[in-house]
Amino acid sequence: MVTNQQQYREESASSWQRVPLHQAYGRCRENIAGLLESRPEAAGLPVPACPDWTGRDLVAHLVAVCRLVADGAVRDPADIRVMVAEGEQALREAGVAELLTEWSQLSGRIEVPAGQPVPRNVRVMTMDAFTHEADLRRALDLPVPADHPAYPDALDLLATGLSASVGAHGLPAFRLQAPHADWTIGTGEPVTTLRGSEYDLYRSLAGRRTAGQIAALDWGGTPAGPWLPAFTWGPFTPPTEATETAGAAQAG
């Protein structure tokens with residue numbers, strides 16, 4: 001299990017605070033819409049992190065996911081991929097402007113009143129939107145804002161998933177340490193520490209970095225090999241060939 005989640009350092013807490021998830025999701029939607037509206041060429045631009053997708057396909061995926069969550073249609077997580085694929089197919093003829101209009105309308109239906117439990121689907125949807133915003137930014141050679149409000153919860157959710165995978169593989173625990181937060185991944189006393197920027201760790205946990213790129217991170221001198229299989233979990237599988245380089249895709 002993940003322990004010591006989001007241990008904030010006082011000097012950087014102002015730029016690494018959780019906000020209500022509907023606000024974080026709304027920021028992702030607004031950012032993606034802004035990128036596609038201000039750069040019309042992005043609609044047809046290939047997205048390297050998502051093979052066979054263009055910018056239009058990326059937003060169609062996000063609208064399909066938002067439809068399912070807004071309609072309360074997701075009952076069994078095992079069905080989500082098929083349902084999303086069907087939703088994407090239904091939107092295959094929609095243009096970017098139509099997709100963005102529907103997305104704006106749908107997103108207003110997922111807001112959760114303050115103090116109410118947030119459905120896990122909303123957490124996953126927000127993480128998915130943030131991940132794909134970063135994908136689109138990489139395709140456009142633009143950085144992800146370091147103070148993006150989706151970062152804290154999305155990275156925490158990925159750390160939780162990786163932790164479960166490490167446990168399922170029977171691997172020893174390790175500490176995951178970013179500049180603003182840290183986690184214990186797996187169960188028991190950590191035997192090493194994986195350090196990196198929030199951006200490099202996020203992209204590694206979200207299936208955007210190859211096994212070689214993950215191994216090249218700072219593992220505190222411990223060979224990363226035993227843990228690499230655990231980075232394939234849920235919907236995430238490290239690519240066999242690099243689709244992006246490590247480092248400077250996060251704005252300071």
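Visitor: How many residues does α6 have, and how far does α6 reach from its first C-alpha to its last?

Guide: In this predicted model, α6 has 18 residues and spans 26 Å from its first C-alpha to its last. That is close to the 26 Å expected at 1.5 Å a residue.

Visitor: Is α6 mostly covered or mostly open?

Guide: α6 is mostly covered, with 14 of its 18 residues buried.

Visitor: What follows α6?

Guide: G170 follows α6, and the phi of G170 is positive, near 70°.

Visitor: Let us step back to the whole chain. How many helices and strands are there?

Guide: The chain has eight helices and five strands. Along the sequence they are arranged in the pattern α-α-α-α-α-β-α-β-β-β-α-α-β.

Visitor: What share of the residues is buried?

Guide: Of the 252 residues in the chain, 50% are buried.

Visitor: And what share of the contacts joins residues 24 or more positions apart?

Guide: Counting contacts with a separation of 6 or more, 71% are between residues 24 or more positions apart.

Visitor: Which residues touch the most other members of the largest nonpolar core?

Guide: That core holds 74 residues, and those touching the most other members are W103, L162, F174, L176, Y202 and W219. Among the elements that each supply at least two residues of this core are α1 (21-38), α4 (96-107), α6 (151-168) and β2 (174-177). The largest share comes from α2, with 11 residues.

Visitor: Staying with Y202, what does Y202 touch?

Guide: Leaving aside residues up to four places away in sequence, Y202 touches M127, F130, T131, Y151, A154, L155 and L158.

Visitor: Changing topic, how many disulfides are there?

Guide: The count comes to zero disulfides, taking a disulfide as a pair of cysteine sulfur atoms within 2.5 Å.

Visitor: Are C50 and C66 buried or exposed?

Guide: C50 counts as buried because its relative accessibility is 7%, and buried means under 20%. C66 is also buried, with a relative accessible area of 0%.

Visitor: What is the volume of the largest pocket, and which residues lie nearest its centre?

Guide: The largest pocket has a volume of about 1100 Å³. Its lining consists of 37 residues, and R81, D128, G234, P235 and F236 lie nearest the centre. The elements giving two or more residues to this lining are α2, α3 (80-90), α5 and α6.

Visitor: Which element gives the most to that lining?

Guide: α5 gives the most to the lining of the largest pocket, with eight residues.

Terms used: Residues numbered from 1 in each chain as written. Predicted model: local features only at pLDDT ≥ 70, side-chain atom pairs only at ≥ 80, totals over all residues. Heavy atoms only, no water. Core = buried A, V, L, I, M, F, W, Y, C linked by side-chain atoms within 4.5 Å. Buried < 20%, exposed > 50% of the residue type's maximum accessible area, 1.4 Å probe, protein only. Helix = DSSP H or I, 4+ residues; strand = E, 2+ residues; numbered from the N terminus. Contact = heavy atoms within 4.5 Å. Expected span 1.5 Å × (residues − 1). 1 Å grid on protein atoms, 1.4 Å probe; cavity = no way out; pocket = protein on both sides within 12 Å on 5 of 7 lines; lining within 4 Å. Points joined across faces, edges and corners; volume = space filled by probe spheres on them.
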